[in-house]
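Let's take a walk through a protein model together. Keep the picture open as you read, and find each residue when its name comes up.

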Amino acid sequence: MPTSAAPLGALDLLAARLSCRAFTQERLASDELNAMLRDALEAPSSCNQQAWHFVVLDQPEDLARAADLAGGNPHFRDCAALVYLCFQKGWTHDNFSVVQGVAAAGYHLMLSAHLRGWASVWNAGTGDPVAVRDLLGLPAIFENQGAIALGRAAPDSPARKPPRRALETVVSYGRFERPEESIYPAKPAPAYPFHAISRVSNPFAEWNPQSWSWAQLADYRAYSVWAKSPLAGVYTSRREGAATRAWLDMLAPLPEGAKVAELLPWGGTSTTLLAGRLPEDAQLLVAELHPHNLTFIRDRLEREGVTRAMGEILCPDGHLPCEDRSLDAIVVPQSLEHMADPALMLAEIARVLKPGGQLLISARNRVSRAGADWARGESQGQVPLQGPWTPLRPRALLALLAPHFTIEELAGLGLAREGGADALRGSPLLWRRRAIALRARLRG
Ligand SMILES: Cc1cc2nc3c(=O)[nH]c(=O)nc-3n(C[C@H](O)[C@H](O)[C@H](O)COP(=O)(O)O)c2cc1C
């Protein structure tokens, strides 16, 4: 047993593991896969019961079914094998010890794959649990909590490992201490019982971004943006894709050499579309709350084939570090409703826009059918990865704009909750549409 200093070479190698979501479809021989699984069995388990079980899918048709079930994890289709992490229920449940055991084995499997030259990604998102149970033929006494996808990394698979928090922010000696911005707001309660909280039902989730500080929003977005690699197409919204295009159609012609800033586009979905709309001589700037988001968006644009340079604006506290009257246009892609202080941001926008500069806003509408659904459904669950948000009431949006802006074009986009981008103009019914899209001019 080694007693000397840590074998740094080996640890550096292990630290270089990163999740892969783009595989080559190369198959993995069962001998090699079994060798990895045998390594995984060296993990510790509660009472050494090894109550884990691993169901392996490695046939293309099974992988395709698994991908269909998982929905948001398309890499299931191209990986060489999916190893479903299962465990038997009924024993040593306290402190989730059976789950802890299979998790230890899961990570060991990933490290083994990594050292053997294969790539992997852990997936909690496997799809409807009943359908997954059926796919795996899993008896009722066993549970599945996730799957590890194994395969050969595609040559252009993103090679940047998501950033880690600094040691001193997640480790404290003697007692609990943690920087305030990395503790996310929850509704005040005497206790937060684990079993009372799920993704679709979280009575403690604080969806109102105005109950978060800018620093908390920055911190949350900065790490969770890496929930996926910055692959082309990632985070594209099925619901808002067409609506984003219809909204960007409202961008008025820009002056020569225009400077255009986009505020908080999170993973860069809208930036990709915006970049294609700007004249060649325009300068695209992206404003975000944390450098990690800017890094993600830069990588994302590269993978989307966007060759236009991206200027970066870091605004961790909602103040834009731009000179007064320096920008020609500002684009706010459904992100005003994610901000800790929208009024401050509007005042900042008014300060940095040139007189007559245009402000293009799309905002989700609280008084639409989608807004009502959000209140009844989505908002009862966990705050999403892009951070807390609340759809805006048109009256509140107009009140925010009134001090500085004149609305030049206004449309209500989409009626259905699920999507659609039909634009309604010139009718009071537009205020019932899913998104309010507008172009406003800064008064001189
Ligand atoms: C419990 C767990 C569940 C995860 N679920 C998913 C998932 O469903 N889909 C996915 O693409 N990545 C998933 N991941 C991968 C994480 O996003 C990834 O580990 C994280 O962003 C850190 O990146 P790294 O693994 O490259 O260091 C999961 C990771 C863990 C540990």
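## A serine tucked away

S362 counts as buried, because its relative accessibility is 4% and the cut-off for buried is under 20%. Keep in mind that what you're looking at is a predicted model. You'll find S362 in strand 9.

So who sits around this serine? Leaving out residues up to four places away in sequence, S362 touches W247, V332, P333, Q334, S335, E337, A435, I436 and A437. Two of these names, W247 and A437, will come up again when we get to the cores.

## The cores

Here's a bit of background first. In soluble globular proteins, nonpolar side chains tend to be buried together.

Now to this model. The largest nonpolar core has 46 residues, and the ones touching the most other members are L320, I330, I349, L359 and F405. Which parts of the chain supply at least two residues each to this core? On the helix side they are helix 7 (214–224), helix 11 (342–352) and helix 13 (394–401). The strands are strand 5 (259–263), strand 6 (283–288), strand 8 (327–333), strand 9 (353–364) and strand 12 (435–442). Helix 11 gives the largest share, with 6 residues.

Setting aside neighbours within four places in sequence, L320 is in contact with L263, A287, I313, C315, M345, E348, I349, R351 and V352. Apart from this core lies another one, made of 27 residues, including W247, L274, M310 and A437.

The UniProt record, an unreviewed entry, puts a feature called "domain: Nitroreductase" at residues 15–70. In the model, this span is 41% helix and 11% strand, and its end C-alpha atoms lie 28 Å apart.

Helix 2 covers residues 30–40, and its buried residues include L33, A35, M36, L37 and A40. Why might some of those positions face the same way? An α-helix has 3.6 residues a turn, so residues three or four places apart point the same way. Among the parts covering the buried residues of helix 2 are strand 1 (52–57), strand 2 (81–88), helix 4 (97–115) and strand 4 (142–151).

Further along, A66 is found in helix 3 (residues 60–70). Is A66 buried or exposed? A66 is buried, because its relative accessibility is 0%. Not counting residues up to four places away in sequence, A66 touches L57, F76, L82, Y84 and L135. A66 and V132 are 66 residues apart in sequence, yet their C-alpha atoms are 7.7 Å apart in space.

## Charged pairs

Side chains of opposite charge can pair when their charged atoms come close. How many salt bridges does a search of the whole structure find? The count is 21.

One of them joins D68 and R77, at 2.8 Å from N to O. D68 is exposed at 54% relative accessibility, while R77 is partly exposed at 39%. Another salt bridge joins D299 and R160, at 2.5 Å. D299 lies in helix 10 (residues 291–303) and R160 in the loop between strand 4 and helix 6, so this pair ties together parts 139 residues apart in sequence. D299 is buried, with a relative accessible area of 13%, whereas R160 is partly exposed at 39%.

Then there's the salt bridge between D249 and R277, at 2.7 Å. This pair links distant parts of the chain, 28 residues apart: D249 is in the loop between helix 8 (241–248) and strand 5, and R277 is in helix 9 (residues 269–277). D249 is exposed at 55%, and R277 is partly exposed at 32%.

## A nonpolar patch outside

Let's finish on the surface. L167, V170, V171 and Y173 form a nonpolar patch there, with about 460 Å² of accessible area together. L167 belongs to helix 6 (residues 167–170). L167 counts as exposed because its relative accessible area is 62%, and the cut-off for exposed is over 50%.

Methods
Residues are numbered from 1 along each chain as its sequence is written. This is a predicted model: local features need pLDDT of at least 70, side-chain atom pairs count only at pLDDT 80 or more; totals for chains, interfaces and linings use all residues. Side-chain values use heavy atoms; hydrogens and water are left out. UniProt positions are given in the numbering used here, feature names are shortened, and annotations may be inferred rather than shown by experiment. Helices (H or I, at least four residues) and strands (E, at least two) are DSSP runs, numbered from the N terminus. Patches are made of residues with over 30% relative accessible area and no salt bridge: like charges are joined within 9 Å, nonpolar side chains (Val, Leu, Ile, Met, Phe, Trp, Tyr) within 5 Å. Accessible areas come from the Shrake-Rupley method with a 1.4 Å probe; for residues, only the protein chains shown count as cover. A salt bridge is a side-chain nitrogen of Lys or Arg within 4 Å of a carboxyl oxygen of Asp or Glu. Buried means under 20% relative accessible area, exposed over 50%, partly exposed in between (1.4 Å probe, protein chains only). A nonpolar core is a set of buried Ala, Val, Leu, Ile, Met, Phe, Trp, Tyr and Cys residues joined through side-chain atoms within 4.5 Å. Contact means heavy atoms within 4.5 Å.
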